[in-house]
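Please find below some points on the model, written for a reader who is new to structural work. Each point may be checked against the sequence and the structure as displayed.

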Amino acid sequence: MKGSYLQFLLVLLVPWSGLSQTVEKVDSLARKKGKVIAAPILGYSPESRFFGGFMGMWILPKKGVDTSSFKRPSTLAPIFIYTANKQVISSLRSEQYFKNATYLSNTLRVRNYPDFFFGVGNDTHPDDLEMFLDQFGQLNGRWMKIRDEKYFFGLSYDFRYDKLSDFKDGAVLETGEVSGTEGGWTSGLGPIFIFDTRDNVLYPSKGWYVTSNLHYFSKVVGSNYSFAQLNIDSRYFREVISPKHVLGLQLVINSVAGNNIPFYRLPQLGGNDRLRGIKNENLYRDKVSWYFQVEGRRTLFWRLGGVLFAGVGNVSPGIVSAFQTPVKAVVGAGGRFRPIKDQKLNLRLDFGVATDGFYAVYLNVAEAF
């Protein structure tokens, strides 16, 4: 093998039973009076060394009578992480459900973090690594109308400001030849659609999840760059043979179109949930990325489980060429541990191998998709 990438995230899950993305099971008292849940975070990554922090959730008091068929509590969820390299990562996510069957989600992120650039295209190499500092703030979210528990329609928006610095002397980014090195605003909005029939958000065993959103980044909404972005994410889950065996499929297509697109907004491959096995999530990026992955999940005994996964994908400057050039492929296996007996939330350890000869290890919380 030519290299490895280790990502380590360990959450102390003793109070974590309420930190589900949608808090599907909340008792009536918590709905009426509210509830606060918090958990510490400890971890390690090659870029940050050791880091620590906390994550929490405030389940907001429920007011009035909800006459819609979609009843979920509104929440606020802060996350704060500080690393040994004096890096700060913080976010605040809000989920608000209103009585007129509308839903508002917002995530505010602030980040001061060294990042990686390997070039653009599908033939980049880890030896071409350039490090730089990206300081950014971002607000993205969506306002949606709930037709029923399956269909969501609405408006999605994304406002982000980047300040890039600490380029390597004489390297590609330092020359300014790559679009986006000057940083600035990328502001966009557009329609979004979600179809969701999963039986569980954290560990689905059956159902579909399909989301599609189109963002227009324009000077009209304050963007320094003009381009369009399309994201499509389609997932399918079903039990095979018995409830202990679950098959998951995912197809994702991300595309941007325009002449002045900042490199950090280009679609990418690899990482903790996209083709696990590619050495670095920034290694491959271009105007179009797509990937298909399949995962077989098996409950073993006690609170232990295992998975086998495989996937293919690619990046390209156009849609047609994305499916013509040689694709990247990964295969791997992983173990699962459920720390809370009655919550379908797993700690996962995955090991993936890519066709380019690299491998990657991931230790994280919740399934990849």
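1. Arg265 is buried in this predicted model, because its relative accessible area is 8% (buried means under 20%, exposed over 50%, and partly exposed in between, with a 1.4 Å probe and protein chains only). Arg265 belongs to the loop between β12 (242-257) and β13 (268-269). Strands are DSSP runs of E with at least two residues, helices are runs of H or I with at least four, and both are numbered from the N terminus.

2. Which side chain makes a polar contact of 3.0 Å with that of Arg265? The partner is Thr186. A polar contact is a pair of N or O atoms within 3.5 Å; within protein, one must be able to donate a hydrogen and the other to accept it, and residues adjacent in sequence count only if both atoms are side-chain atoms.

3. Beyond its neighbours within four places in sequence, Arg265 has contacts (heavy atoms within 4.5 Å) with several residues, among them Asp158, Arg160, Phe217 and Phe227.

4. Phe227 lies in strand β11, which covers residues 227-240. Phe227 is buried, as its relative accessible area is 5%. Setting aside residues up to four places away in sequence, Phe227 touches Thr186, His215, Ile261, Pro262 and Arg265, among others. Phe227 and Thr186 are 41 residues apart in sequence, with 9.3 Å between their C-alpha atoms.

5. On the surface, Phe54, Phe80 and Tyr82 form a nonpolar patch with about 280 Å² of accessible area together. Accessible areas come from the Shrake-Rupley method with a 1.4 Å probe, and for residues only the protein chains shown count as cover. Phe54, located in strand β3 (residues 49-59), is partly exposed, with a relative accessible area of 39%.

6. The protein chain has three helices and 19 strands. Of its 369 residues, 49% are buried. Among contacts with a separation of 6 or more, 57% join residues 24 or more positions apart.

7. The mean pLDDT (the predictor's confidence in each residue, from 0 to 100) is 84 for the protein chain, and 86% of residues reach 70 or more. Over residues 11-31, pLDDT stays under 50.

8. Residues are numbered from 1 along each chain as its sequence is written, and side-chain values use heavy atoms, leaving out hydrogens and water. As this is a predicted model, local features need pLDDT of at least 70 and side-chain atom pairs count only at pLDDT 80 or more, whereas totals for chains, interfaces and linings use all residues.

Methods
Patches are made of residues with over 30% relative accessible area and no salt bridge: like charges are joined within 9 Å, nonpolar side chains (Val, Leu, Ile, Met, Phe, Trp, Tyr) within 5 Å. A salt bridge is a side-chain nitrogen of Lys or Arg within 4 Å of a carboxyl oxygen of Asp or Glu.
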